[in-house]
Amino acid sequence: MAPDTSSGGAQKRQRTRERLIAAALEVVAEKGFVAASLDEIAARAGMTKGAIYGNFAGKADLMFAVAASQSLSLEPAPARGASLAEQLAAAADALVALLPRAGGLQRLNAEFQIYALTDPDLRARSAAVYLARFDRLTERTQAAHGEVLAMPARDLVMALQALTLGFIHQHQITPDAVTEQTIRSAFDALARGAVR
């Protein structure tokens, strides 16, 4: 039977997916990604395991959706005409605002990273999402600031990713040591070093 692609069918499918993701999130919170079974997730959602396979390609796909539902994305919209220093200052401010939420997701994020390293499908999918994001940000950075960059735009994007993830991770371990000033100083130093 072909999936219902009508507006009502799409909404029903979306609600089903949301219920399955919510149930999976509960089971993962209790047992972790590895121990979360599809049978238990389906039962928690009040559905059959077939509902999972009707909406997700398998466990890796569902776990990816669980992690994505709780993602910590830091991609502030670029201000037209803003300098690189202004853009990175906005990114620092966005990271500072994100840190309180990140603290509540530390276990989920750590377990997802470990699980993704052990599941080739999930690792490949996560890598594809990261690489597409890096490509998009590299293109935007090159278009906006390419003429003043002292480094390739892709290298700057990767440095920002590493800096951001490093601060999120360090904040989860030593929250009092990762201050707003520390974050802003690091982003400012990167901005100054990235331009000719």
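Leu156, Ala159, Leu160, Leu163, Thr164 and Phe167 in helix α8 meet Thr182, Ile183, Ala186, Phe187, Leu190 and Ala194 in helix α9. Sorted by type, the residues of this contact come out as 10 nonpolar, two polar and no charged. Keep in mind that this is a predicted model. Below is a quick look at that helix pair, then at α9 by itself, then at a couple of spots earlier in the chain.

**How α8 and α9 sit together**
- Two packed helices are described by the angle between their axes and the distance between the axes.
- Here, the axes of α8 and α9 come within 12 Å and cross at roughly 170°.
- Angles over 145 degrees count as roughly antiparallel, and α8 and α9 are therefore roughly antiparallel to each other.

**A closer look at α9**
- Helix α9 takes in residues 180–194, which makes 15 residues.
- From first C-alpha to last, α9 reaches 21 Å, close to the 21 Å expected at 1.5 Å a residue.
- Which residues of α9 are buried? They are Ile183, Phe187, Leu190, Ala191 and Ala194.
- Those residues cover an arc of only 100° around the axis, so they end up on the same side of α9.
- The background is simple: an α-helix has 3.6 residues a turn, so residues three or four places apart point the same way.
- As for partners, the buried residues of α9 pack against α5 (84–104) as well as α8 (153–173).

- Helix α2 covers residues 38–45, and its buried residues are Leu38, Ile41, Ala42 and Ala45.
- They cover an arc of only 95° around the axis, which puts them on the same side of α2.
- What do the buried residues of α2 pack against? They pack against α1, α3 (49–55) and α4 (59–69).
- Asp39 and Ala43 are exposed, on the face of α2 turned away from its buried side.
- After α2 comes glycine 46, with a positive phi near 75°.

- Threonine 16 belongs to helix α1, which runs over residues 7–31.
- Is threonine 16 buried or exposed? Its relative accessibility is 18%, and since buried means under 20%, threonine 16 counts as buried.
- Setting aside neighbours within four places in sequence, threonine 16 is in contact with Met47 and Asn55.

Terms used. Residues are numbered from 1 along each chain as its sequence is written. This is a predicted model: local features need pLDDT of at least 70, side-chain atom pairs count only at pLDDT 80 or more; totals for chains, interfaces and linings use all residues. Side-chain values use heavy atoms; hydrogens and water are left out. Helices (H or I, at least four residues) and strands (E, at least two) are DSSP runs, numbered from the N terminus. The expected span of a helix is 1.5 Å times one less than its number of residues. Buried means under 20% relative accessible area, exposed over 50%, partly exposed in between (1.4 Å probe, protein chains only). The arc is that of the directions from the helix axis to the C-beta atoms. Contact means heavy atoms within 4.5 Å. Axes are lines fitted to C-alpha atoms, for helices over the stretch in contact, and angles run from 0 to 180 degrees between N-to-C directions. Angles under 35 degrees count as roughly parallel, over 145 as roughly antiparallel, 65 to 115 as roughly perpendicular and the rest as oblique. Ala, Val, Leu, Ile, Met, Phe, Trp, Tyr, Cys and Pro count as nonpolar, Asp, Glu, Lys and Arg as charged, and the others, Gly among them, as polar.
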